[in-house]
Amino acid sequence: MKFIFSLLRQLGSTMLFPVIWTITLLVLLCLPGNSIPGKGLFSIKHLDKVAHIGLFGGFVLFWRLYAWTRKKPKSAWPYVLIGITLISFLLGIAMEYVQVNFIPDRNFDIGDIGADTIGSLLALIILGKFGGRLGLLIK
């Protein structure tokens, strides 16, 4: 387990990994609907919601880890974490509007916004509850 936390700290030490995660998230959410297979693993009902939870939870986690490497007063950390979570929430809403208006064969799905929010809040809660003990919340 220590290896995983050490790896997470290393990934968060540069802006590169959160940027790559964000670009990957945006690319996946901008795929045309007809390019997403409907068979095999992709035929599992609500699998897309699980993907949204993971993508947006990862967004909060990796940007938070990056922010952790920046020098800020201890009192600022809750605001930083809430700010990153709020950005994640707003990004999820914005991407649903992008999908319905600009991406072929995609539609607006309030369930996706719910999954994005759940992923963001899960990361917020996990970091809030365990981040200090794991050395991921307070420097």
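The text below treats a helix pair and then the salt bridges.

The model is predicted, with local features requiring pLDDT of at least 70, side-chain atom pairs counted only at pLDDT 80 or more, and totals for chains, interfaces and linings using all residues. Residues are numbered from 1 along each chain as its sequence is written, and side-chain values use heavy atoms, without hydrogens and water.

Helices are DSSP runs (H or I, at least four residues) numbered from the N terminus. The axes of helix 2 (residues 16-29) and helix 3 (residues 47-68) approach within 9 Å and cross at roughly 160°; axes are lines fitted to C-alpha atoms over the stretch in contact, with angles from 0 to 180 degrees between N-to-C directions. Helix 2 is therefore roughly antiparallel to helix 3 (an angle over 145 degrees). The contact (heavy atoms within 4.5 Å) involves, among others, W21 and L25 of helix 2 and F59 and W63 of helix 3.

Three salt bridges are found in the whole structure, each defined as a side-chain nitrogen of Lys or Arg within 4 Å of a carboxyl oxygen of Asp or Glu.

| Salt bridge | Closest N and O atoms |
|---|---|
| K49 with D48 | 2.9 Å |
| D109 with K49 | 2.7 Å |

K49 in helix 3 and D112 in helix 5 lie 63 residues apart. Both K49 and D112 are buried (under 20% relative accessible area; exposed is over 50%, partly exposed in between, with a 1.4 Å probe and protein chains only). Through shared partners, salt bridges join D48, K49, D109 and D112 into one network. D109 is partly exposed at 23% relative accessible area, and D48 is partly exposed at 35% relative accessibility.

Key: Helix = DSSP H or I, 4+ residues; strand = E, 2+ residues; numbered from the N terminus. Parallel < 35°, antiparallel > 145°, perpendicular 65-115°, else oblique.
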